[in-house]
Amino acid sequence: MAEIRTFAEDDRAELRELFTRAGEGAPTASLWGHEESEAAIYLDPYMESAPDSLFLAVVDGALVGYLTGCLDGSVLPSESERMETAIRRYRLILRPGPAAFFARSMVDTARAAILREPTAGEFEDARWPAHLHINVAPSARGTGAADALMDRWFDRIRETGSPGCHLQTLVENTRAVRFFERMGFAKHGPTPLVPGLRYGGRRLHQQTMVWSP
Ligand SMILES: CC(C)(COP(=O)(O)OP(=O)(O)OC[C@H]1O[C@@H](n2cnc3c(N)ncnc32)[C@H](O)[C@@H]1OP(=O)(O)O)[C@@H](O)C(=O)NCCC(=O)NCCS
């Protein structure tokens with residue numbers, strides 16, 4: 001049974017190592033195949049700005065999963081700002097994996113504009129101001145570690161009086177969607193294309209989900 005605890009500064013290196021493998025096998029595993037910049041977008045800001053909402057699952061002294069929560073997204077730069085910063089800082093346009101992502105992304109965005117189809121965007125709604133990301137290493141999936149992380153996060157939402165929480169996953173991440181539904185989240189809004197992203201060659205679609213205490 002996993003023990004759940006709050007992130008501490010000493011966890012940085014081990015958590016950073018877990019980050020690179022905890023998403024394995026899921027359509028959300030990698031954005032453009034460059035770990036450092038992806039950690040700079042999806043992990044580092046949470047360690048810096050919301051450490052009290054960052055929970056770790058530990059089995060036999062080793063980290064096996066984490067949940068990066070945030071009660072109020074305005075304490076972080078927006079996801080697109082974080083992406084733009086990472087693109088400049090890591091000169092991603094010059095790297096083959098990310099460059100292919102940007103090329104696909106431009107084609108997808110142009111195609112969607114011609115077809116007048118929406119594309120993925122960030123979610124802002126005062127009813128669900130909190131948000132989360134969760135990743136559990138393959139060896140700890142199906143063991144209850146993810147449930148325990150979510151229970152701790154729900155406690156924090158209740159304790160702080162937050163009105164609710166949203167998350168953004170992918171329609172194609174069916175295991176995660178089933179998990180979030182079992183945790184009480186409901187699908188919310190449209191499921192637009194995520195430009196640039198592919199899994200097994202297939203285009204992927206954003207799934208927003210919401211939960212209220
Ligand atoms: C999403 C995640 C946190 C869920 O935790 P979990 O411990 O796997 O949750 P569950 O055991 O409840 O499994 C969820 C579903 O997957 C099914 N499942 C179990 N083992 C499976 C396997 N080996 N392969 C595929 N699906 C499996 C479960 O049966 C369950 O479906 P059901 O509700 O229809 O029965 C975890 O799978 C994970 O970290 N995945 C990779 C990263 C990810 O997708 N994160 C979410 C990004 S938004």
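At what angle do helix 2 and helix 4 pack, and how far apart are their axes? Helix 2 (residues 35-42) and helix 4 (residues 79-89) pack at about 150°, with axes 9 Å apart. This is a predicted model, in which local features need pLDDT of at least 70 and side-chain atom pairs count only at pLDDT 80 or more, while totals for chains, interfaces and linings use all residues. Residues are numbered from 1 along each chain as its sequence is written.

**Overall form**

- The chain has seven helices and eight strands (DSSP runs numbered from the N terminus: helices are H or I, at least four residues; strands are E, at least two).
- The C-alpha trace of the chain spans about 50 × 35 × 30 Å along its principal axes.

**Helix 2 and helix 4**

- The two axes are lines fitted to C-alpha atoms over the stretch in contact, and angles run from 0 to 180 degrees between N-to-C directions.
- Helix 2 and helix 4 are therefore roughly antiparallel (an angle over 145 degrees).
- Ser 37, Ala 40 and Ile 41 of helix 2 meet Glu 79, Arg 82, Met 83 and Ala 86 of helix 4 (in contact means C-beta atoms, placed from the backbone, within 7 Å).

**Ligand shell**

- Among the 16 residues around the ligand, Ala 26, Arg 141, Gly 142, Ala 146 and Thr 169 come nearest (a residue is near if its C-beta atom, placed from the backbone, lies within 6 Å).
- Strand 4 (130-136) and helix 7 (174-182) are the elements that give two or more residues to this shell.
- Helix 7 provides the largest share, five residues.

Note on methods. Parallel < 35°, antiparallel > 145°, perpendicular 65-115°, else oblique. Contact = placed C-beta atoms within 7 Å.
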